[in-house]
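Here's a quick walk through one protein chain, from its overall surface down to a couple of residues. Have the structure open as you read.

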Amino acid sequence: MASTADSTATGERRSASDVAGVVVLAACAAWSLITAAAHDGRPEGMLLAVLAVAAGYASGRILGALLPVAALCAGALAGLGLAIATPGPQISLQLGHTGATTALLTLSCGAACCAAWAARPPTLRLALRLLAAGTAVTAALLGSTTGFVTCTGVLLCSLAAARVRRRALGLTGLAAAAALVTGATWAIGEDALPGGLTASLEGQLTEHRVLLWHDALRMARGNPLLGVGPGRYGELSPTVAQSPLPDGKPHSALLQQAAEQGLTGVVLLAAAFCWVLYALLRSPRTTPIALTTGAALTAVAVIASIGNALSFMTVTAGAGLLAGLATARPLTTGEPDDVQAARRSDGRPES
């Protein structure tokens, strides 16, 4: 009877995270339509992003239940293949492709690490960890320094996750890291950092990108509630108008939301990230898988805060897919015995 009650409570917690996801994604879609109607904007980009995340998450939940190891392996290889096929900075005239490549490599590395934790044969687990390491090397060969750093960070976090007893502490740390980076991005756009530090960061980010951020925050201050409307940043940005190769984006998901959908849009973007972390907290998969996925998605959030990665459907769908795979309940266990032993004796996911 106690076991049945525990299972019911666990199911209720998972249902709560699913309901929260539906509410947050629906609110994101609805708000984009509201702001578009107010300013004659174009909400198609936001709607497609929401649809990609929802479809990826649903697919991950299904595939993760049926093929808990194979689906993660396939996802890792698919992400690696897409990253290699995406035009790199040396052959692309669009700045955004660099961020998309970096995000795809990071998601691929995260999926490979999760597959290693879920696999049973030691040889397969070693091969999957080598695949994750190879993804980091691929990032370096493609000229993506940021990709190499994020993939290495995900791999190290995955290895360290084996020593973490309570996943809530790890996920809280990841949320704090994302908040720190996004806060720094906002501070750079506002010129709120000390002069020497700002100059150093501008050298890494390029002056052009910082000017784009200034334009975005200027629009946000002028329209703090509704923004200027989805898809209208490029029309109103002086920096975009003077750019020889404009793409109409501020190269920061956070600041694009602030400019085009106001502070409410920023809150909804943050709520979507927090929902994913909450779903991982309540995931029936083991703590190493949950924390590895959280590290990969946090790295993507960092990349998106200083780049244009979320403008690519492959990235948003891939992020949703990885989150779905990491929160699915396998119909047949494919996890190794030593990892299963780390679960609580009542069968509930570790928190």
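## Surface and overall make-up

The protein chain has an accessible surface of about 15,400 Å², and carbon and sulfur atoms hold 69% of that (Shrake-Rupley method, 1.4 Å probe; for residues, only the protein chains shown count as cover). The model is predicted, so to speak of local features takes pLDDT of at least 70 and side-chain atom pairs count only at pLDDT 80 or more, while totals for chains, interfaces and linings use all residues. Residues are numbered from 1 along each chain as its sequence is written, and side-chain values use heavy atoms, leaving out hydrogens and water.

There are 15 helices and 0 strands in the protein chain (DSSP runs numbered from the N terminus: helices are H or I, at least four residues; strands are E, at least two). Of its 351 residues, 49% count as buried (under 20% relative accessible area; exposed is over 50%, partly exposed in between, with a 1.4 Å probe and protein chains only).

## Thr 316, tucked into a helix

Thr 316 sits in helix α14, residues 313–327. It counts as buried because its relative accessibility is 5%. Setting aside neighbours within four places in sequence, Thr 316 is in contact with Ala 49, Ala 52, Val 53 and Leu 310 (heavy atoms within 4.5 Å). Its side chain also reaches the backbone oxygen of Met 313, at 3.1 Å.

## Leu 67, in a loop

Leu 67 lies in the loop between α2 (44–66) and α3 (70–85). With 45% relative accessibility, Leu 67 counts as partly exposed.

Note on methods. A polar contact is a pair of N or O atoms within 3.5 Å; within protein, one must be able to donate a hydrogen and the other to accept it, and residues adjacent in sequence count only if both atoms are side-chain atoms.
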